[in-house]
Amino acid sequence: MNLHEYQAKELLKKYNVPVQEGFACSTVHEAEEAYRHIKSESGSSFAVIKAQIHAGGRGKGTVKETGINGVKVGKSLEDISSFANQILGGTLVTIQTGPAGKVVNKVLVAQDMYYDGPSERKEFYLSILLDRTKGQNVIMYSTEGGMNIEDVAHNTPNKIFKEWIHPSGGLLAFQARKIAFNLGLTGEAFKNCTKFVTNLYKAYIGLDCSMLEINPLFKAADDKIIAVDCKMGLDENSLMRHPDLASLRDVTEEDPTEVEAGQFNLNFVKLDGNVGCMVNGAGLAMATMDMIKLSGGEPANFLDVGGSANAQTVEAGFKIILKDPAVKAILINIFGGIVRCDRVAQGVIDAYKNLGNIQIPIIVRLQGTNAIEAKKLIDESGLKVQSAILLSEAAELVKKAVA
């Protein structure tokens, strides 16, 4: 479950991680009030306004309707008011959103961190995630933080450092010091960085994060180390331990079909292909998707109905697949171990009748518990459904459907 920047920063503050302070605003008026408050507290007329969407690259992204970038620095109330008016309600397109972009419902008005002081300001990069190949969490960091971190990783990978943390010992003090040293920090900044990294790792573990990225990790002119931006993903499987965090989910940022599928306890992931598939079991689903590719098609989705599927959930899954205009055929591949094949067949029949005339080919392969009864239901339904027994037969039907 992804969080917005303003949500992630509020959570980090609970773990004593210094962050760039700001206010989430849904209207231009709220943005103006936030600016007035920040100006009175900091004494500076500068403030930053950031579009809040679940995607990176906002500073380089562009709002379709107005041509403005997703992150702007204002030096007056008029600036903030104008920027908020041009960003809120617009569709921000970044390298991570794709050409469709995402609608901006909130902006974050935050304090300016580029104030003067006795030392040099610097931007770094730091993230924490699980390295599955080693079975350990890893902290990745670089002296080259900011908007071009992807270019750094591609062109100069030697500037990306990694520190692995053993799960039994956690982040050790010498590792935090090593990170601060490799970032080239000294004196007070060095001490502040070790505290920052230590508390950030505590937040990563305590919140059951799947990913935590700080970019830029900022050294201010007074040697404070601050999270200017934050991208946080939570492990949805851990939300039973964090019922308070479940309310932070923003379904407007998610694919509507995936949200709808979740309401029926369907495991659904939207893909970019032309063959919709409905399967029971993740392993069989992956094998089915491979089979679709080998047959010349591209899977349009991952849809696992699970072992407790009934006619209603199957009908719901069927309708969700059909909402994708790119789908040229549907393959239903069910092995009836726990789930009964006749339940699946009835769901397909009900969906077919409720949706009316369906123009695309439907291929059904049902094997296992009550497979004979399921085949009888489909054969007697009068529907234009192609049935298969072997996976190779289903593959051949898919090949013809997408040819």
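Start with a term. A pocket here is an open set of grid points with protein on both sides within 12 Å along at least five of seven lines, and a lining residue has an atom within 4 Å of a point. Keep in mind that this is a predicted model.

Now the second largest pocket. Its space comes to about 490 Å³. How many residues line the second largest pocket? The count is 15. Nearest the centre are Glu236, Arg249, Glu254, Glu258 and Phe268. Strand β15 has the largest share, with 3 residues.

Next, the rings. A pair of aromatic rings is described by the distance of the centres and the angle of the planes. Searching the whole structure turns up 3 aromatic pairs. I'll take two of them, starting with Tyr141 and Phe161. Their ring centres are 5.3 Å apart. The planes meet at 20°, and planes under 30 degrees apart count as stacked, so this pair is stacked.

Buried or exposed? Tyr141 has 1% relative accessibility, so Tyr141 counts as buried. Phe161 is at 27%, so Phe161 counts as partly exposed.

The other pair is Tyr201 with Tyr204, and this one is also stacked. Centre to centre, the rings are 6.1 Å apart, with 25° between the planes. Both tyrosines belong to helix α6 (residues 187-206). They are 3 residues apart there, so about one helical turn separates them. Tyr201 and Tyr204 are both buried.

The charged end of Lys134 sits over the ring of Trp164. The distance to the ring centre is 3.7 Å.

Last, the serine. Ser127 belongs to strand β9 (residues 122-131). Its relative accessible area is 3%, and under 20% means buried, so Ser127 is buried. What does the side chain of Ser127 contact? The partner is the side chain of Tyr125, in a polar contact at 3.2 Å.

That's the tour. Over to you for comments.

Terms used
Residues are numbered from 1 along each chain as its sequence is written. This is a predicted model: local features need pLDDT of at least 70, side-chain atom pairs count only at pLDDT 80 or more; totals for chains, interfaces and linings use all residues. Side-chain values use heavy atoms; hydrogens and water are left out. Rings of Phe, Tyr and Trp (its six-membered ring) pair if their centres lie within 6.5 Å; planes under 30 degrees apart count as stacked, over 60 as edge-to-face and the rest as tilted. Buried means under 20% relative accessible area, exposed over 50%, partly exposed in between (1.4 Å probe, protein chains only). Helices (H or I, at least four residues) and strands (E, at least two) are DSSP runs, numbered from the N terminus. A charge sits over a ring if NZ of Lys or CZ of Arg is within 6 Å of the ring centre and within 35 degrees of the ring normal. On a 1 Å grid over the protein atoms alone, a cavity is a set of points where a 1.4 Å probe fits but cannot get out, and a pocket is an open set with protein on both sides within 12 Å along at least five of seven lines; lining residues have an atom within 4 Å of a point. Grid points are joined across faces, edges and corners, and a volume is the space filled by probe spheres set on the points. A polar contact is a pair of N or O atoms within 3.5 Å; within protein, one must be able to donate a hydrogen and the other to accept it, and residues adjacent in sequence count only if both atoms are side-chain atoms.
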